[in-house]
Amino acid sequence: MHKLIANKWLVSAAVTVAYLFLVLPFTEPVAFELDAAAEDAGIRSTALKAAFGAVLFVLLALCIDLVRRLRRRDDRTVFGATVAAGYLAVLAVLLLLVYPGHWTYDEFHVLHAAQTYAPYYWQHYLTVVLHTFCLYLIPTGVGIVVVQMLLAAAVVGYLASGVRALLAERRLAWLVVVPFLFIPVLFEVFHPLRMTTYSLLQLLLVGKLLLVLLAPDLRGNRYREFVAVSALVGIAAFWRTEGVLYLVFLPVAAVRLGILREVWQRNGRAVLAAVAGLALVAGLYGLTSATSRPEYQLTAFYNPLSVMVADPDLDGANVEEDLALIDTVLDVDHLRHFSDYSDIPGYWAPGALRPDYLDHLDEFYEGAISLILHNPDSFLEARWRTFVATNNLDDDRPYVPTGLLFFDAPGNEMLTTFERENIGAEPLSDPVRHEVMRFLLGMHPDGTGTAARPWLWTMLPTVVGLLVLAGAGLVRRRFTWSFLALTLLAHAGIVFLTAPAYYFMYYLPVFVAGNFLLAAALVRLADRRLAARRIDRAPAEAVLEPV
């Protein structure tokens with residue numbers, strides 16, 4: 001009996017089954033609107049519960065491993081848990097001040113879709129899956145924020161402990177936590193939309209690959225590590241379109257972990273790991289293909305095109321032909337009327353899309369790409385203006401985008417519905433919440449940014465730092481650092497070219513992972529400098545020692 005209890009897989013399976021069949025039937029009616037469920041909710045809910053069971057099973061096994069290491073007083077685990085607990089305490093204090101979190105607009109629709117088991121694809125169906133899983137764990141919308149807090153603390157603790165294992169002067173590892181105390185990171189943890197969880201998982205992917213490349217001894221079970229990296233690659237590549245470049249991490253991990261070599265040698269465990277990893281990536285790609293809609297992709301074109309078509313000096317080759325092709329999907333006169341480099345208000349106005357736009361998407365893409373390629377100066381100018389506004393350096397866009405953040409429930413139907421249908425969703429104190437939110441946002445009561453906002457909510461230091469790290473890595477032949485820095489810069493470049501609005505959240509994944517990478521590189525450099533000084537002092541100290 002003791003051996004059965006000691007088997008983490010059996011315990012995880014037993015608890016998972018008990019939760020699915022003994023707990024969930026009582027909590028599901030609390031969190032979900034089963035009376036208003038979608039027509040095919042039964043099939044969808046069954047599939048989601050099966051997927052949730054698999055995720056819960058893995059999480060329970062990881063938790064059992066964690067508890068066992070803590071009981072053994074494993075040094076790396078204890079440090080990671082200490083960092084995670086400290087970071088979670090900071091987030092808990094902030095949550096009390098901003099409760100129930102940073103709810104603005106789209107997340108209300110995603111939450112409602114999750115609570116009714118409805119298909120909702122605007123923010124990618126994985127976001128609905130995320131909300132559903134959170135509701136299964138904590139039966140209220142506020143539970144999504146709590147799960148994100150736990151995820152953030154776990155990732156920060158894991159990465160800090162991993163970097164610490166690379167250092168001789170291990171106290172330096174505490175400095176790796178500093179980027180996670182930056183205001184944009186603290187603020188966005190309480191935003192229950194996909195960009196927060198996506199950023200944390202993409203950060204975990206970058207951190208894992210850094211450790212895999214730099215510290216072979218920290219890899220643990222290589223086969224499970226490859227499966228974990230594969231799952232993170234699939235999420236990073238397909239949850240956000242610009243993340244497709246992270247697919248390059250998969251072969252890098254396969255080579256470094258020795259999976260590829262052992263597959264060629266027909267090692268059974270390696271083959272199984274490779275099949276499982278590729279199946280996860282393929283499954284996430286299949287989910288994306290089956291649930292994606294062109295309406296969201298069109299927003300990436302709408303913003304720059306609205307600026308370009310309003311330019312009277314647009315004179316590249318084939319302008320008229322390109323505009324005619326664009327007009328088959330987006331009304332060009334409508335585009336010109338609603339020209340705006342900071343957002344896409346015209347996209348939501350009646351008449352933006354042609355009634356038969358779905359039949360002309362190929363023509364539209366051909367015309368839009370041709371117009372951009374023949375007018376690169378106009379396109380890049382439009383994109384630069386959006387980027388400048390994102391970094392709060394545009395005097396013509398002084399207002400901070402906040403959605404419904406500073407509305408009160410009685411005056412807004414979406415907020416009223418949210419508070420009515422979710423247990424414990426009412427703010428603890430609206431005045432305190434609003435004041436703290438304004439402080440974190442760097443915002444005056446009239447909605448304009450303070451003098452501090454351009455210094456706090458900016459991508460510029462991160463981009464410059466990554467450029468320096470990439471260049472230094474190439475010069476000094478530290479290719480791991482240059483590879484990861486260049487990947488993040490490429491990610492930022494794709495966002496620069498495609499961001500539909502000047503919201504800082506589009507750059508959040510690069511901001512979080514980039515600042516972590518820079519902190520890890522600086523800490524590693526400081527550790528080596530300190531080690532070199534100790535070596536230089538050693539002979540002199542030896543001479544002074546008494547005989």
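Modeller: Start with the domain boundary. There, 19 residues of domain 1 are in contact with 20 residues of domain 2. This is a predicted model, and the domain assignment gives domain 1 as 8-291 + 458-530 and domain 2 as 294-391. The C-alpha centres of domain 1 and domain 2 lie 34 Å apart.

Now the area. The size of an interface is often given as the accessible area lost when the parts come together. Between domain 1 and domain 2, about 1,700 Å² is buried. Carbon and sulfur atoms give 63% of that area. On the domain 1 side, W122, F496 and Y502 lose the most area to domain 2. Together these residues account for 40% of what that side buries.

Next, a helix pair. Helix 18 spans residues 376-390, and helix 23 spans residues 479-498. Their axes come within 8 Å and cross at roughly 105 degrees. An angle of 65 to 115 degrees counts as roughly perpendicular, so helix 18 and helix 23 are roughly perpendicular to each other. Helix 18 brings F379, L380, R383, W384 and F387 to the contact. Helix 23 brings V495, F496, L497 and T498. By class, that contact has 7 nonpolar, 1 polar and 1 charged residues.

Two backbone details deserve a check. Most residues other than glycine have a negative phi, and most peptide bonds are trans. The peptide bond from Y99 to P100 is cis, with omega near 10 degrees. P100 sits in the loop between helix 4 (75-98) and helix 5 (106-115). N318 is not a glycine, yet has a positive phi of about 65 degrees. N318 is in the loop between helix 14 (294-308) and helix 15 (319-326).

Last, confidence. The chain averages a pLDDT of 92, and 95% of the residues score at least 70. Over residues 541-547, however, the pLDDT is below 50. Beyond near neighbours in sequence, that stretch has 0 contacts in the model.

Definitions and conventions. Residues are numbered from 1 along each chain as its sequence is written. This is a predicted model: local features need pLDDT of at least 70, side-chain atom pairs count only at pLDDT 80 or more; totals for chains, interfaces and linings use all residues. Side-chain values use heavy atoms; hydrogens and water are left out. pLDDT is the predictor's confidence in each residue, from 0 to 100. Contact means heavy atoms within 4.5 Å. Axes are lines fitted to C-alpha atoms, for helices over the stretch in contact, and angles run from 0 to 180 degrees between N-to-C directions. Helices (H or I, at least four residues) and strands (E, at least two) are DSSP runs, numbered from the N terminus. Angles under 35 degrees count as roughly parallel, over 145 as roughly antiparallel, 65 to 115 as roughly perpendicular and the rest as oblique. Ala, Val, Leu, Ile, Met, Phe, Trp, Tyr, Cys and Pro count as nonpolar, Asp, Glu, Lys and Arg as charged, and the others, Gly among them, as polar. Domain bounds come from an automatic or database domain assignment. Buried area is the accessible area (1.4 Å probe) that two parts lose on being put together, summed over both.
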